Amino acid sequence: METKEIAALIVVLLYLISALRYCWQTVKGQIRPVFATWLLFAVATGLSLATYFSSEKHSAVSNIGNVCDATATWSVFLVISIFAKNKIWGFNRFEKRCLLAAGLIVIFWIFSREHVVANLLLQSLITVGYLPMIRSLWRTVGNTESFLAWSLCLIAVIVSIYPAAAGDDSLALTYVLRGLGCVSLTLLIMLRAELRSHKLTSLGKWR
(Lines give C-alpha, C1' and ligand atoms only; values in the text may rest on other atoms or scores of the structure.)
Protein backbone atom coordinates (compact mmCIF):
# COMPACT_ATOMS: atom_id res chain seq x y z
CA MET A 1 0.00 0.00 0.00
CA GLU A 2 1.36 3.41 -0.98
CA THR A 3 1.85 6.25 1.50
CA LYS A 4 -0.93 8.34 -0.03
CA GLU A 5 -3.34 5.42 0.29
CA ILE A 6 -2.43 5.05 3.98
CA ALA A 7 -3.03 8.78 4.41
CA ALA A 8 -6.39 8.40 2.67
CA LEU A 9 -7.41 5.63 5.10
CA ILE A 10 -6.47 7.85 8.04
CA VAL A 11 -8.65 10.62 6.57
CA VAL A 12 -11.57 8.20 6.24
CA LEU A 13 -11.19 7.13 9.88
CA LEU A 14 -10.96 10.70 11.16
CA TYR A 15 -14.00 11.82 9.19
CA LEU A 16 -15.94 8.77 10.40
CA ILE A 17 -15.22 9.51 14.06
CA SER A 18 -15.92 13.22 13.57
CA ALA A 19 -19.28 12.58 11.86
CA LEU A 20 -20.35 9.99 14.45
CA ARG A 21 -19.45 12.36 17.28
CA TYR A 22 -21.33 15.25 15.68
CA CYS A 23 -24.39 13.10 14.98
CA TRP A 24 -24.40 11.73 18.53
CA GLN A 25 -24.21 15.20 20.08
CA THR A 26 -26.94 16.38 17.70
CA VAL A 27 -29.31 13.58 18.70
CA LYS A 28 -28.58 14.18 22.40
CA GLY A 29 -29.24 17.89 22.03
CA GLN A 30 -25.74 18.79 23.23
CA ILE A 31 -25.08 21.07 20.25
CA ARG A 32 -27.26 23.35 18.11
CA PRO A 33 -26.35 22.89 14.43
CA VAL A 34 -27.34 25.56 11.94
CA PHE A 35 -29.67 23.82 9.49
CA ALA A 36 -29.06 26.24 6.60
CA THR A 37 -25.29 25.73 6.79
CA TRP A 38 -25.56 21.94 6.65
CA LEU A 39 -28.06 22.06 3.81
CA LEU A 40 -25.66 24.23 1.80
CA PHE A 41 -22.77 21.93 2.73
CA ALA A 42 -24.70 18.85 1.60
CA VAL A 43 -25.72 20.35 -1.73
CA ALA A 44 -22.39 21.99 -2.56
CA THR A 45 -20.05 19.16 -1.46
CA GLY A 46 -22.11 16.60 -3.36
CA LEU A 47 -22.13 18.70 -6.53
CA SER A 48 -18.44 19.48 -6.10
CA LEU A 49 -17.69 15.76 -6.04
CA ALA A 50 -19.85 15.19 -9.12
CA THR A 51 -18.06 17.91 -11.12
CA TYR A 52 -14.68 16.62 -9.95
CA PHE A 53 -15.31 13.07 -11.17
CA SER A 54 -16.60 14.48 -14.45
CA SER A 55 -13.28 16.27 -15.06
CA GLU A 56 -10.53 14.69 -17.12
CA LYS A 57 -8.22 14.03 -14.16
CA HIS A 58 -9.81 12.47 -11.08
CA SER A 59 -8.94 10.04 -8.31
CA ALA A 60 -10.84 9.01 -5.19
CA VAL A 61 -7.56 8.71 -3.28
CA SER A 62 -6.17 12.09 -4.34
CA ASN A 63 -9.45 13.82 -3.58
CA ILE A 64 -10.26 11.82 -0.46
CA GLY A 65 -10.98 15.10 1.29
CA ASN A 66 -13.99 15.84 -0.92
CA VAL A 67 -15.12 12.19 -0.94
CA CYS A 68 -15.19 12.00 2.86
CA ASP A 69 -16.49 15.54 3.26
CA ALA A 70 -19.50 14.89 1.03
CA THR A 71 -20.25 11.56 2.72
CA ALA A 72 -19.93 12.96 6.24
CA THR A 73 -21.85 16.12 5.39
CA TRP A 74 -24.82 14.24 3.95
CA SER A 75 -24.85 11.91 6.97
CA VAL A 76 -24.86 14.83 9.39
CA PHE A 77 -27.47 16.71 7.37
CA LEU A 78 -29.85 13.74 7.41
CA VAL A 79 -29.39 13.30 11.16
CA ILE A 80 -30.01 17.00 11.74
CA SER A 81 -33.11 16.90 9.55
CA ILE A 82 -34.62 13.93 11.38
CA PHE A 83 -33.31 13.94 14.96
CA ALA A 84 -31.97 17.38 15.89
CA LYS A 85 -33.78 18.80 18.91
CA ASN A 86 -32.06 22.18 19.00
CA LYS A 87 -31.19 22.98 15.40
CA ILE A 88 -30.99 26.65 14.45
CA TRP A 89 -33.20 27.42 11.48
CA GLY A 90 -31.94 29.73 8.77
CA PHE A 91 -33.39 30.33 5.32
CA ASN A 92 -33.28 34.09 5.30
CA ARG A 93 -32.73 35.93 2.04
CA PHE A 94 -29.00 35.14 2.09
CA GLU A 95 -29.46 31.36 2.43
CA LYS A 96 -32.10 31.31 -0.29
CA ARG A 97 -29.74 33.15 -2.63
CA CYS A 98 -27.02 30.60 -1.89
CA LEU A 99 -29.34 27.74 -2.87
CA LEU A 100 -30.31 29.66 -6.01
CA ALA A 101 -26.62 30.09 -6.81
CA ALA A 102 -26.11 26.33 -6.49
CA GLY A 103 -28.93 25.78 -8.97
CA LEU A 104 -27.45 28.28 -11.42
CA ILE A 105 -24.03 26.62 -11.17
CA VAL A 106 -25.61 23.26 -11.99
CA ILE A 107 -27.35 24.77 -15.02
CA PHE A 108 -24.05 26.33 -16.12
CA TRP A 109 -22.28 23.00 -15.68
CA ILE A 110 -24.89 21.02 -17.62
CA PHE A 111 -24.83 23.33 -20.63
CA SER A 112 -21.16 24.34 -20.68
CA ARG A 113 -19.57 21.07 -19.50
CA GLU A 114 -16.88 23.23 -17.90
CA HIS A 115 -16.21 20.78 -15.08
CA VAL A 116 -13.25 22.61 -13.55
CA VAL A 117 -14.95 26.03 -13.54
CA ALA A 118 -18.12 24.55 -12.03
CA ASN A 119 -16.06 22.77 -9.37
CA LEU A 120 -14.29 25.98 -8.38
CA LEU A 121 -17.60 27.87 -8.26
CA LEU A 122 -19.04 25.19 -5.98
CA GLN A 123 -16.01 25.38 -3.72
CA SER A 124 -16.64 29.10 -3.41
CA LEU A 125 -20.25 28.31 -2.51
CA ILE A 126 -19.09 25.86 0.20
CA THR A 127 -17.01 28.68 1.69
CA VAL A 128 -20.06 30.96 1.66
CA GLY A 129 -22.02 28.14 3.31
CA TYR A 130 -19.96 28.60 6.48
CA LEU A 131 -21.30 32.12 6.97
CA PRO A 132 -24.69 31.25 8.59
CA MET A 133 -22.90 29.11 11.19
CA ILE A 134 -20.16 31.68 11.77
CA ARG A 135 -22.75 34.44 12.13
CA SER A 136 -24.71 32.34 14.62
CA LEU A 137 -21.57 31.56 16.65
CA TRP A 138 -20.57 35.23 16.60
CA ARG A 139 -23.93 36.41 17.91
CA THR A 140 -24.85 33.58 20.29
CA VAL A 141 -23.62 33.56 23.87
CA GLY A 142 -21.75 30.26 24.21
CA ASN A 143 -20.51 27.69 21.74
CA THR A 144 -23.22 25.74 19.91
CA GLU A 145 -20.87 23.46 17.95
CA SER A 146 -18.69 20.43 18.73
CA PHE A 147 -15.02 21.15 19.41
CA LEU A 148 -14.03 17.49 19.13
CA ALA A 149 -15.82 16.89 15.83
CA TRP A 150 -14.43 20.03 14.20
CA SER A 151 -10.93 19.41 15.59
CA LEU A 152 -10.91 15.90 14.10
CA CYS A 153 -12.15 17.39 10.86
CA LEU A 154 -9.24 19.85 10.88
CA ILE A 155 -6.73 17.02 11.38
CA ALA A 156 -8.38 15.07 8.56
CA VAL A 157 -8.11 18.07 6.24
CA ILE A 158 -4.42 18.48 7.07
CA VAL A 159 -3.72 14.79 6.41
CA SER A 160 -5.69 14.90 3.14
CA ILE A 161 -3.28 17.51 1.78
CA TYR A 162 -0.71 14.77 1.21
CA PRO A 163 -2.75 12.54 -1.16
CA ALA A 164 -3.81 15.60 -3.15
CA ALA A 165 -0.23 16.89 -3.44
CA ALA A 166 1.25 13.42 -4.11
CA GLY A 167 -1.31 12.88 -6.87
CA ASP A 168 -0.45 16.28 -8.37
CA ASP A 169 -4.19 16.99 -8.37
CA SER A 170 -4.80 20.74 -8.45
CA LEU A 171 -8.57 20.55 -7.91
CA ALA A 172 -8.21 18.19 -4.96
CA LEU A 173 -5.46 20.37 -3.48
CA THR A 174 -7.61 23.49 -3.90
CA TYR A 175 -10.44 21.70 -2.10
CA VAL A 176 -8.40 20.72 0.96
CA LEU A 177 -6.59 24.06 1.24
CA ARG A 178 -9.92 25.88 1.10
CA GLY A 179 -11.21 23.45 3.73
CA LEU A 180 -8.17 24.11 5.91
CA GLY A 181 -8.93 27.83 5.97
CA CYS A 182 -12.66 27.40 6.57
CA VAL A 183 -12.39 24.80 9.35
CA SER A 184 -9.59 26.75 11.07
CA LEU A 185 -11.71 29.91 11.05
CA THR A 186 -14.70 27.98 12.40
CA LEU A 187 -12.67 26.64 15.32
CA LEU A 188 -11.36 30.13 16.10
CA ILE A 189 -14.91 31.53 16.14
CA MET A 190 -16.00 28.63 18.35
CA LEU A 191 -13.14 29.40 20.75
CA ARG A 192 -14.20 33.05 20.85
CA ALA A 193 -17.79 32.03 21.64
CA GLU A 194 -16.57 29.73 24.42
CA LEU A 195 -14.32 32.40 25.96
CA ARG A 196 -17.08 35.00 25.69
CA SER A 197 -19.47 32.67 27.51
CA HIS A 198 -16.97 32.08 30.34
CA LYS A 199 -16.31 35.82 30.61
CA LEU A 200 -20.00 36.64 30.90
CA THR A 201 -20.46 33.87 33.47
CA SER A 202 -17.57 35.27 35.56
CA LEU A 203 -19.03 38.77 35.40
CA GLY A 204 -22.39 37.40 36.51
CA LYS A 205 -20.79 35.78 39.56
CA TRP A 206 -19.11 39.04 40.59
CA ARG A 207 -22.42 40.84 40.39
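Predicted model: local features only at pLDDT ≥ 70, side-chain atom pairs only at ≥ 80, totals over all residues.
## Helix H1

Helix H1 runs over residues 3–27. Its 25 residues reach 36 Å from first C-alpha to last. That is close to the 36 Å expected at 1.5 Å a residue.

The buried residues of H1 are Ala7, Ala8, Val11, Leu14, Tyr15, Ser18, Ala19, Tyr22, Cys23, Gln25 and Thr26. Their cover includes three other helices: H2 (35–54), H3 (64–83) and H6 (147–166). Just after H1 comes Gly29, with a positive phi of about 75 degrees.

## Helix H2

Helix H2 has 20 residues. From first C-alpha to last, H2 reaches 29 Å.

Of the 20 residues of H2, 15 are buried, so H2 is largely enclosed by the rest of the structure. H2 is also part of the cover over the buried residues of H1.

## The nonpolar patch

Five residues make a nonpolar surface patch: Val27, Trp74, Leu78, Ile82 and Phe83. The patch has an area of about 480 Å². Helix H3 gives the most to the patch, with 4 residues.

Ile82 is one of the patch residues and lies in H3. Its relative accessibility is 60%. The cut-off for exposed is over 50%, so Ile82 counts as exposed.

## The loop between H2 and H3: Ser55

Ser55 sits in the loop between H2 and H3. Its relative accessibility is 6%. Buried means under 20%, so Ser55 counts as buried.

The side chain of Ser55 has polar contacts with two backbone oxygens. The oxygen of Tyr52 lies 2.5 Å from a polar atom of the Ser55 side chain. The oxygen of Lys57 lies 3.1 Å from a polar atom of that side chain. Setting aside residues up to four places away in sequence, Ser55 touches His115 and Leu171.

## The loop between H2 and H3: Lys57

Lys57 is placed in the loop between H2 and H3. Its relative accessibility is 44%, so Lys57 counts as partly exposed. The backbone oxygen of Lys57 is the one that lies 3.1 Å from the Ser55 side chain.

The side chain of Lys57 makes polar contacts of its own. It reaches the backbone oxygen of Asp168 at 2.6 Å. The backbone oxygen of Gly167 lies 3.2 Å from a polar atom of the Lys57 side chain. Leaving aside neighbours within four places in sequence, the contacts of Lys57 are Tyr52, Gly167, Asp168 and Asp169. Lys57 and Leu171 are 114 residues apart in sequence, yet their C-alpha atoms are 9.0 Å apart in space. Leu171 is also touched by Ser55.

## The loop between H5 and H6: Asn143

Asn143 lies in the loop between helix H5 (115–139) and H6. The side chain of Asn143 reaches the backbone oxygen of Glu145 at 2.9 Å.

Beyond four places in sequence, Asn143 touches Leu137, Met190, Ala193 and Glu194. His115, a contact of Ser55, falls within the range of H5 (115–139).

Terms used
Residues numbered from 1 in each chain as written. Heavy atoms only, no water. Helix = DSSP H or I, 4+ residues; strand = E, 2+ residues; numbered from the N terminus. Expected span 1.5 Å × (residues − 1). Buried < 20%, exposed > 50% of the residue type's maximum accessible area, 1.4 Å probe, protein only. Contact = heavy atoms within 4.5 Å. Polar contact = N/O pair within 3.5 Å; in protein donor to acceptor, adjacent residues only side chain to side chain. Patch = residues over 30% accessible without salt bridge, like charges linked within 9 Å, V, L, I, M, F, W, Y side chains within 5 Å. Areas by Shrake-Rupley, 256 points an atom, 1.4 Å probe, with all protein chains shown as cover. Salt bridge = Lys/Arg side-chain N within 4 Å of Asp/Glu carboxyl O.
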